[in-house]
Amino acid sequence: SAEILALMAATAKAFGHYAEWSTNEIVAIEAATAASFAGLRSLCIMKQNGANVAADFLMSLGLSGCRGGLVVVFADDPESHSSTNEFDSRNLARWAELPLLEPGSFQEAKDMTKWAFELSEQTQTPVIIRSVTRICHGRGNVVLGDFLPKKPANKLGQWDKLIALNPFHPYTHQKLAKIREIFETSSFNTYTGPENPELLILTSGTGGFYSREAVSR
């Protein structure tokens, strides 16, 4: 996760975005959400350990929603290769009732991030991207595509008040139902194999790579 923000900071002047390190993960997600409330696209990045630090604030995001695209990246470390403990951040997405995307390749990591911003703005819901060690510490060729035009922030008088209230919970479920329909028709749902297979394996994230390797052997 650290490499993502380090690259964002190194390219900030060249591409005109703003990047900063926060005191801790909950401060980071609060700052990113504030930018979203102002209409800006914002990206918040942390390891799975930090996801627990930000969990208190994260649980309200599904209720309050957002304005500008808000994407939260959790970099999980299965089997704790470089972490003090192991945690599956997909549980946080379930508890907070937020949509989650799991890239299975370097290209998908880039493409899903772009789509996550679009989905977030379309549904006014923060979107979580769950990466893992094998994606974060790997290298591969990626087609970038066109850069999006810059989007100005709202003026102070145009800010909307977003408060997580109990009546918002049914509205959150309505948005989740809409997102479920969008997921079911997503171009990221793919199939590789014969028309009538004898064995069918359903995977998400890097599980696809490991499954194909296991079957080929």
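Trainee: What is the relative accessible area of Glu121?

Mentor: This is a predicted model, in which local features need pLDDT of at least 70, side-chain atom pairs count only at pLDDT 80 or more, and totals for chains, interfaces and linings use all residues. Residues are numbered from 1 along each chain as its sequence is written, and side-chain values use heavy atoms, with hydrogens and water left out. With a 1.4 Å probe and protein chains only, buried means under 20% relative accessible area, exposed over 50%, and partly exposed in between. Glu121 is partly exposed, its relative accessible area being 23%.

Trainee: Which element of the protein chain has the lowest mean pLDDT?

Mentor: The pLDDT is the predictor's confidence in each residue, from 0 to 100. For the protein chain the mean is 86, and 91% of its residues reach 70 or more. Helices (H or I, at least four residues) and strands (E, at least two) are DSSP runs, numbered from the N terminus. Strand β3 (residues 100-101) has the highest mean, 95, while the lowest, 81, belongs to α8.

Trainee: How many residues apart in sequence are the parts tied together by Arg41 and Glu121?

Mentor: A salt bridge is a side-chain nitrogen of Lys or Arg within 4 Å of a carboxyl oxygen of Asp or Glu. Arg41 and Glu121 form such a pair, with 2.9 Å between the closest N and O atoms. Because Arg41 lies in the loop between α3 (25-37) and β1 (42-47), and Glu121 in helix α7 (residues 106-123), the separation in sequence is 80 residues.

Trainee: Which residue forms a salt bridge with Asp88?

Mentor: The closest N and O atoms of this pair are 3.6 Å apart, and the partner of Asp88 is Arg130. The two sit in distant parts of the chain, 42 residues apart: Asp88 in the loop between β2 (70-75) and α6 (90-96), its partner in strand β4 (residues 127-131).

Trainee: Which residues are linked with Asp88 in a network of salt bridges?

Mentor: One further bridge joins Glu102 to Arg90, with the closest N and O atoms 3.5 Å apart. That pair also links distant parts of the chain, twelve residues apart, with Glu102 in the loop between β3 and α7 and Arg90 in helix α6. Glu102 is buried at 14%, and Arg90 is partly exposed at 31%. The network links Asp88 with Asp76, Arg90, Glu102 and Arg130.

Trainee: How many disulfides does the count give?

Mentor: A disulfide is a pair of cysteine sulfur atoms within 2.5 Å. The sulfur of Cys66, a buried residue at 0%, is too far for a bond because its closest cysteine sulfur, in Cys44, is 13 Å away. Cys136 is partly exposed at 27%, and its sulfur is likewise too far for a bond, since the closest cysteine sulfur, in Cys44, lies at 14 Å. The count of disulfides is therefore zero.

Trainee: What is the area of the nonpolar surface patch that includes Leu144?

Mentor: Patches are made of residues with over 30% relative accessible area and no salt bridge, like charges being joined within 9 Å and nonpolar side chains (Val, Leu, Ile, Met, Phe, Trp, Tyr) within 5 Å. Accessible areas come from the Shrake-Rupley method with a 1.4 Å probe, and for residues only the protein chains shown count as cover. Leu144, in the loop between α8 (133-136) and α9 (168-184), is exposed at 54%. Together with Phe15, Val142 and Phe147, Leu144 makes a patch of about 420 Å².
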